[in-house]
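Here is a quick tour for anyone meeting this protein for the first time. Have a look at the model below, then read on.

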Amino acid sequence: MIKRVLTPLIVFFLSAPAAANDISLDIEGLSGALEDNVEAYISAIKPSEYSTSLRFQSRLTKEIQTALNALGYYNSTIDFVVSDQNDEITVNVKPGKPTLLTEVDIVIDGEARTDKDFSQVISESKLKLGKRLNHGDYDALKSTLRNLALQKGYFDGEYTASRLEVIPELNQARVKLHYDSGIRYQFGQSTITGSQIDEQKVQSLQPYQVGDDYQVAKVGEHNQNLSNTEWFSSVFVEPDLSQVDKGREIPMKVSLAPQVRNQFETGLGYSTDVGAKVQFKWKKPWFNEKGHSFNTSLDLSLPEQQVTASYKIPLDDVLKDYYVIQYGLKNVDRSDKQTLESNLSFERHWRLDSGWHRTAYIRYLLESYEFNDNGELGHFVLPGISYSRVVTRGGALPMGGNKHTIMFEVGEQNALSETSVFRFRGTSGWVSSIGNNHRGLLKLDIGANFATDPDKLSPSLRFYAGGDNSIRGYAYEDISPEDDSGNKTGGEYLATASVEYQYRITGNWWGATFFDIGDAFNDSPTWKRGAGVGIRWVSPVGPVKFDFARGLDADPQEWRVHFSLGPDL
């Protein structure tokens, strides 16, 4: 029953235009989908049009019948009862027997006749013999077949018969859908306009070959590939439908517009590890017609300053294979650590089909630092290889996913390194959720240096723990072996783990509780534990994290505040 009032039933109270009393409308005899559909139809009637007149009753009857017909009920009876005070209308509805499908004639002709996707759509349709008629099911199948044809390149497709016949007096309905797909078109030659990049490079981003069967998903992938290069300010790939009927291969039109040659960005940030931070970026998305690009960034905070510059050279498979020449200079000036680190690297990158990103490289590290009150200068030539992969589900705060990185490096004393060393570093993070309000996070970080003379390792090659993204409850890089003077020297090994539970408080605000454990050490670990609670806010610029943590093995134990901005993975 439909009642339009704010009671356990659904009721409307509407003001009659010519009376001071409210008029209520009750519709009885319906439930489930029938009730919902009638409710949707009569809700379109404006409150000012409600009355007890015969004209209004006739209009209401028409709306109710239309709503019932759509769901296969053509023999309904509708009776009205008007109260003595003319302030209430009760509509008694009997839907009657449903109209059943006695004939379902669906035929696909043309080359789509043997297409499994068309067969699957038909088999999954709700139009079945003996089932109740639903006009929405008929319209949905008709639209789905037409859209599927366009998606798969049957551009000549048309219905040779499309009828829905209803025999109300017999409560019967017949469906006839005959679709002739015609031929399936194939990808033809592409015409590229507006590109400032060498056509061969642009052509390599095409995920199909001439003669492949047309698929709209491949057209979307082509658009995405072109956009991901960052070479163009606008990208549009489409079939040239004017060439339909002029051969099986349909030409493709690729319309491009160059990206601006120079892009500048500035940013502000803060974390308790380094305090306030300012960042400047200068980017050249395309340096020449070969698609080379150049990036540089400057990061400034009171204890740390860093400048990096990289030059990217794409290969034949532009998005997956490329070289990078990179240089970085980093200065660290803290009370317990003063270093000037210079890195020059030559890298070869592969994006593998498995989703992993592989990088083989060789870097030259030159680092000036103070150790035991003496100035030192270390240099290393370190060839290495790394693998990384990120899979996430969700937006700024993923509700599922994982991130993994693994790196191996080797240095040889007889090949311009201070000491022979084999280095390993691996990090992993997992995010999982239950429903929309419960979220869990697990992170692991391990590293090792196997050096002939560990004392000759530069600070940037050693391991430290503690801080916003390590073991909370301890200061940044506070967990480390110490020399006789109490200076932090960094460890030969690293092992940390973090487990965190988050609960949505409201909207984009989350509460968190966590436990961290680990150590940076030389011989054997002395595990340091930290635990606490925090707040997460999913801001427009990314997740903001505020943690209140206690170092359970610190001396002295104290509560520390950790504040940072950035993703969990």
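Pro 556 sits in the loop that runs between strand 26 (542-551) and strand 27 (559-565). Strands here are DSSP runs of E with at least two residues, helices are runs of H or I with at least four, and both are numbered from the N terminus. The bond between Asp 555 and Pro 556 is a cis peptide, with omega at about 5 degrees. Most peptide bonds are trans, and most residues other than glycine have a negative phi.

A word on the ground rules: this is a predicted model, local features need pLDDT of at least 70, side-chain atom pairs count only at pLDDT 80 or more, and totals for chains, interfaces and linings use all residues. Residues are numbered from 1 along each chain as its sequence is written, and side-chain values use heavy atoms, leaving out hydrogens and water.

Which loop residues have a positive phi without being glycine? Asn 171 is one, with phi near 55 degrees, and Leu 416 is another, at about 65 degrees. Asn 171 belongs to the loop between strand 7 (158-167) and strand 8 (172-180), while Leu 416 is in the loop between strand 20 and strand 21 (421-434).

Ala 396 is a loop residue too, placed between strand 19 (374-393) and strand 20 (400-411). Beyond its neighbours within four places in sequence, Ala 396 is in contact (heavy atoms within 4.5 Å) with Val 538 and Pro 543. Ala 396 and Arg 560 are 164 residues apart in sequence, and their C-alpha atoms are 26 Å apart in space.

| Residue | Relative accessible area | Class |
|---|---|---|
| Asn 171 | 16% | buried |
| Ala 396 | 41% | partly exposed |
| Leu 416 | 58% | exposed |

Now zoom out. The protein has six helices and 27 strands, and buried residues make up 42% of its 569 residues. Its C-alpha trace spans about 100 × 65 × 40 Å along the principal axes. Of the contacts with a separation of 6 or more, 54% are between residues 24 or more positions apart.

In the model, residues 24-95 are 39% helix and 25% strand, with their end C-alpha atoms 22 Å apart.

Terms used
Buried < 20%, exposed > 50% of the residue type's maximum accessible area, 1.4 Å probe, protein only.
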